[in-house]
Amino acid sequence: MKALIVEDDLGLAELIKEKVEASGFETYSVQTADSAFKWLTENTPHLMLLDYSLPDMKGDEFITALQKSELSIPPFIVTTGQGDEHIAVAMMKLGAKDYLIKN
């Protein structure tokens with residue numbers, strides 16, 4: 001099974017990678033929404049861990065862009081350093097399976 005980690009903090013991405021791989025996933029990491037979009041044009045992961053605040057766009061903008069494209073949206077979990085209930089609700093409405101606060 002494949003998991004895509006979309007996280008701009010390289011240290012945090014490595015920690016997430018270790019945990020996800022320990023659960024049996026083959027992981028791939030990218031640091032921007034643009035890189036994730038390009039990766040998804042050629043790959044279909046079983047899970048995507050999506051940082052809400054990426055350098056080039058917010059998570060909701062990224063999911064909306066995927067919805068407008070021909071690409072299928074994998075099951076995804078949103079991660080963020082911002083504990084905002086409004087963001088959590090909005091992302092769940094866009095299809096997020098869960099919302100995790102990083103600290």
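Me: Before I look at any feature, what should I know about the model and its numbering?

Reply: The model is predicted, and local features need pLDDT of at least 70, side-chain atom pairs count only at pLDDT 80 or more, while totals for chains, interfaces and linings use all residues. Residues are numbered from 1 along each chain as its sequence is written, and side-chain values use heavy atoms, with hydrogens and water left out.

Me: How many residues are in the largest nonpolar core, and which have the most contacts inside it?

Reply: In soluble globular proteins, nonpolar side chains tend to be buried together. A nonpolar core is a set of buried Ala, Val, Leu, Ile, Met, Phe, Trp, Tyr and Cys residues joined through side-chain atoms within 4.5 Å, where buried means under 20% relative accessible area, exposed means over 50%, and partly exposed lies in between, with a 1.4 Å probe and protein chains only. Here the largest such core has 21 residues, and M48, F62 and M91 have the most contacts inside it. Two or more residues each come from β1 (2-6), α2 (33-42), β3 (47-51), α3 (59-68), β4 (76-80) and α4 (85-93), and α2 gives the most, with four residues.

Me: Which residues does M91 contact once its neighbours within four places in sequence are left aside?

Reply: Contact means heavy atoms within 4.5 Å, and by that rule M91 meets L50, Y52, G59, D60, I63, F76, V78 and A96.

Me: Is L4 buried or exposed?

Reply: L4, which is found in strand β1, counts as buried because its relative accessibility is 0%. Not counting residues up to four places away in sequence, L4 touches Y28, V30, A36, W39, L40, P45, L47, M48 and L49.

Me: Where is E7, and is E7 buried or exposed?

Reply: E7 sits in the loop between β1 and α1 (10-22), and at 1% relative accessibility E7 counts as buried. A polar atom of the E7 side chain lies 3.0 Å from the backbone nitrogen of D9. Leaving out residues up to four places away in sequence, the residues that E7 touches include L12, I16, T79 and K102.

Me: Which residues line the largest pocket?

Reply: Rolling a probe the size of a water molecule over the atoms shows where empty space is left. On a 1 Å grid over the protein atoms alone, a pocket is an open set of points where a 1.4 Å probe fits, with protein on both sides within 12 Å along at least five of seven lines, and lining residues have an atom within 4 Å of a point. The lining here is L12, L15, I16, E18, K19, V20, L49, T79, L100, K102 and N103, and α1 supplies the largest share, six residues. About 260 Å³ of space lies in this pocket. V20, one of the lining residues, is in helix α1 and is buried, with a relative accessible area of 12%.

Terms used:
Polar contact = N/O pair within 3.5 Å; in protein donor to acceptor, adjacent residues only side chain to side chain. Points joined across faces, edges and corners; volume = space filled by probe spheres on them.
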